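The structure is shown first.

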Amino acid sequence: QILTLVNLGMDLPDVARARLDRIMSEWSQNGYHVQHHDALLAFVPIELYTGHVGAAWQRVEAEWADFRISLLSQVQDIRVEMLQLRAYTALALLNAGDTPVRAGAIRRDVRRLRREGLPWTTALADYIDAALAWQLGDREAAIAGLRSAVAGFDAVGAALFSACSCWRLSALVGHAAGADIRHATQAWFDG
């Protein structure tokens with residue numbers, strides 16, 4: 001996964017894809033293992049980076065059933081990663097103009113994240129809910145959701161998630177308040 005992100009950071013999506021294809025061609029296709037999960041977490045960013053939002057969604061959907069029946073679905077961290085990945089991919093589809101039917105799927109994943117019952121999963125749910133509100137044109141709900149997400153991420157020490165949420169919040173709250181938030185967030189990124 002990390003090498004994929006490094007390749008994307010260097011604008012080398014084809015290198016990242018070729019490497020993952022080669023590695024996964026050597027891995028068992030029977031069952032659903034951690035390696036399949038990790039590959040999905042690497043392939044989806046490649047598809048999104050290259051503008052193949054539909055392909056990213058198809059990849060997530062194609063593996064979802066196998067994931068659900070595997071023992072990996074019983075591991076909370078992995079389950080949360082998958083819910084988060086599916087929601088982000090559905091948001092990308094919605095942003096690309098796909099039907100608002102995706103909003104219902106995103107809301108279901110947000111509810112599932114909340115049911116995990118942990119502070120960090122609640123903060124993730126708030127962040128995704130805010131992104132959905134923004135996509136649907138509800139600026140006030142997006143601002144409220146981002147503020148809640150920031151508070152949640154700060155409470156659990158998820159500084160990068162908090163900073164990214166603050167950055168997005170700065171664009172929504174208006175010029176003066178937004179500039180203050182952006183300045184503080186930029187200082188964190190630069191630090």
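How are α2 and α3 oriented relative to each other, roughly parallel or roughly antiparallel? This is a predicted model. In it, the axes of helix α2 (residues 13-25) and helix α3 (residues 34-49) cross at roughly 155 degrees. An angle over 145 degrees counts as roughly antiparallel, and α2 and α3 are therefore roughly antiparallel to each other. Their crossing is left-handed.

On the α2 side, the contact is made by Pro13, Ala16, Arg17, Leu20, Asp21 and Met24. On the α3 side, the residues are Gln35, His36, Ala39, Ala42, Phe43, Ile46, Glu47 and Tyr49. By class, the contact of α2 with α3 comprises 9 nonpolar, 2 polar and 3 charged residues.

A second pair is formed by helix α9 (residues 159-172) and helix α10 (residues 175-190), whose axes cross at roughly 150 degrees. α9 and α10 are therefore roughly antiparallel to each other, and α9 passes α10 in a left-handed crossing.

From α9, the residues in contact are Ala159, Leu160, Ala163, Cys164, Cys166, Trp167, Leu169, Ser170 and Ala171. They meet Gly178, Ile181, Arg182, Thr185, Gln186, Trp188 and Phe189 of α10. The contact of α9 with α10 divides into 11 nonpolar, 4 polar and 1 charged residues.

Two packed helices are described by the angle between their axes and the distance between the axes. The table lists both values for each pair.

| Helix pair | Axes come within | Crossing angle |
|---|---|---|
| α2 and α3 | within 10 Å | roughly 155 degrees |
| α9 and α10 | within 8 Å | roughly 150 degrees |

Conventions: Residues are numbered from 1 along each chain as its sequence is written. This is a predicted model: local features need pLDDT of at least 70, side-chain atom pairs count only at pLDDT 80 or more; totals for chains, interfaces and linings use all residues. Side-chain values use heavy atoms; hydrogens and water are left out. Axes are lines fitted to C-alpha atoms, for helices over the stretch in contact, and angles run from 0 to 180 degrees between N-to-C directions. Helices (H or I, at least four residues) and strands (E, at least two) are DSSP runs, numbered from the N terminus. Angles under 35 degrees count as roughly parallel, over 145 as roughly antiparallel, 65 to 115 as roughly perpendicular and the rest as oblique. A crossing is left-handed if the near helix is turned anticlockwise from the far one by less than a right angle, and right-handed if clockwise. Contact means heavy atoms within 4.5 Å. Ala, Val, Leu, Ile, Met, Phe, Trp, Tyr, Cys and Pro count as nonpolar, Asp, Glu, Lys and Arg as charged, and the others, Gly among them, as polar.
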